[in-house]
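Hi,

Here is the structure I said I would pass on. Have a look at it first, and my notes follow below.

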Amino acid sequence: MYGMVNKAVEELVCLHHGEDVWQRIKDRANVDVDVFISNEAYPDDITYRLVGAASEILGQPADEILIAFGEHWVLHTAQKGYGQLMLAGGRTLPEFLSNLPNLHSRVAMIFPKLQPPRFECRDITPHSLRLHYYSHRPGLSAFVVGLMQGLGTMFHTPVTVRLAIPKGDASEPDVFDVTWSTTSAT
Ligand code: HEM
């Protein structure tokens with residue numbers, strides 16, 4: 001994954017636990033990179049090792065870390081670093097979700113080595129939809145939960161996300177039920 005992902009993990013850990021803890025996590029993960037370069041592609045394995053080591057050192061389940069990371073990604077990394085792309089996604093949560101399938105195609109214009117996830121929105125109602133999330137990467141469904149929660153906060157729209165059908169194999173999607181309140185959408 002591009003270095004911006006590992007940088008964001010670093011930022012999240014340093015924000016809550018400080019640089020010493022981040023150094024311990026890198027040591028535990030056997031990651032010998034001083035500074036991650038945002039627009040350089042790194043092996044996925046590095047990101048997985050960092051999250052695994054963070055889970056061990058912080059004594060928190062990896063899924064909890066991935067949820068926090070998803071929220072941080074939307075509310076800090078994406079909004080600050082890629083604000084225009086996020087704005088172009090829509091003005092409300094349902095609008096943004098319906099445009100989600102196209103978002104990473106735009107990102108891929110800037111980052112040509114991107115191996116993005118694929119999203120499909122199904123069964124759309126005024127207050128819910130089913131999100132199909134395809135990825136060749138395993139174990140990231142909790143990250144998607146955090147991303148949805150971050151988007152709810154970003155749009156001041158209370159949202160609930162539930163993994164309804166976990167994927168069986170790599171070619172299948174994880175299917176999430178996403179439900180939001182229609183009263184407080186801005
Ligand atoms: C403009 C903002 C965004 C940028 C620049 C961005 C960029 C990226 C990058 C660089 C990766 C790593 C993949 C790689 O390097 O090959 C990634 C992965 C991912 N992104 Fe985004 N992204 C953005 C917004 C979002 C949003 C709003 C969602 C919400 C659903 C999302 C969902 C994901 C997921 C689930 C992955 C994990 C990779 C996988 O499943 O295979 N991204 N994104």
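A quick term before anything else: helices (H or I, at least four residues) and strands (E, at least two) are DSSP runs, numbered from the N terminus. Also, this is a predicted model, where local features need pLDDT of at least 70 and side-chain atom pairs count only at pLDDT 80 or more, while totals for chains, interfaces and linings use all residues. Residues are numbered from 1 along each chain as its sequence is written, and side-chain values use heavy atoms, with hydrogens and water left out.

Let's start with strand E1 (residues 118-125), which holds Asp 123. The phi angle of Asp 123 is near 50°, a positive value in a residue other than glycine. Asp 123 is exposed, at 55% relative accessible area. (Exposed is over 50%, buried under 20%, partly exposed in between, with a 1.4 Å probe and protein chains only.) His 156 also has a phi near 50°, again positive and not in a glycine. You'll find His 156 in the loop between H7 and strand E3 (159-165), and its relative accessible area of 56% makes His 156 exposed.

Now the ligand. Where does it sit? The space it takes is the largest pocket. Two cut-offs go with that: on a 1 Å grid over the protein atoms alone, a pocket is an open set of points with protein on both sides within 12 Å along at least five of seven lines, whereas a cavity is a set where a 1.4 Å probe fits but cannot get out, and lining residues have an atom within 4 Å of a point. A molecule sits in one of these if more than half of its atoms lie within 2 Å of its grid points.

The elements giving two or more residues to the shell around the ligand are helices H1 (3-17), H4 (62-81), H5 (83-88), H6 (93-110) and H7 (141-154). H6 supplies the largest share, five residues. There are 26 residues around the ligand, and His 104, Gln 115, Tyr 133, Ser 135 and Arg 137 come nearest (near means a heavy atom within 4 Å). By class, the shell has 22 nonpolar, three polar and one charged residues. Here Ala, Val, Leu, Ile, Met, Phe, Trp, Tyr, Cys and Pro count as nonpolar, Asp, Glu, Lys and Arg as charged, and the others, Gly among them, as polar.

Which protein atom does the iron of the ligand have as its donor? A single one, NE2 of His 104, 2.1 Å away, and His 104 lies in helix H6. Donors are N, O and S atoms within 2.8 Å of the metal (3.2 Å for Na, K and Ca), and water is not among the atoms, so sites may look incomplete.

A polar side-chain atom of Ser 135 is 2.6 Å from one, one of Arg 137 is 2.7 Å from one, and a backbone N or O atom of Tyr 2 is 2.8 Å from one.

Cheers

Notes
A polar contact is a pair of N or O atoms within 3.5 Å; within protein, one must be able to donate a hydrogen and the other to accept it, and residues adjacent in sequence count only if both atoms are side-chain atoms.
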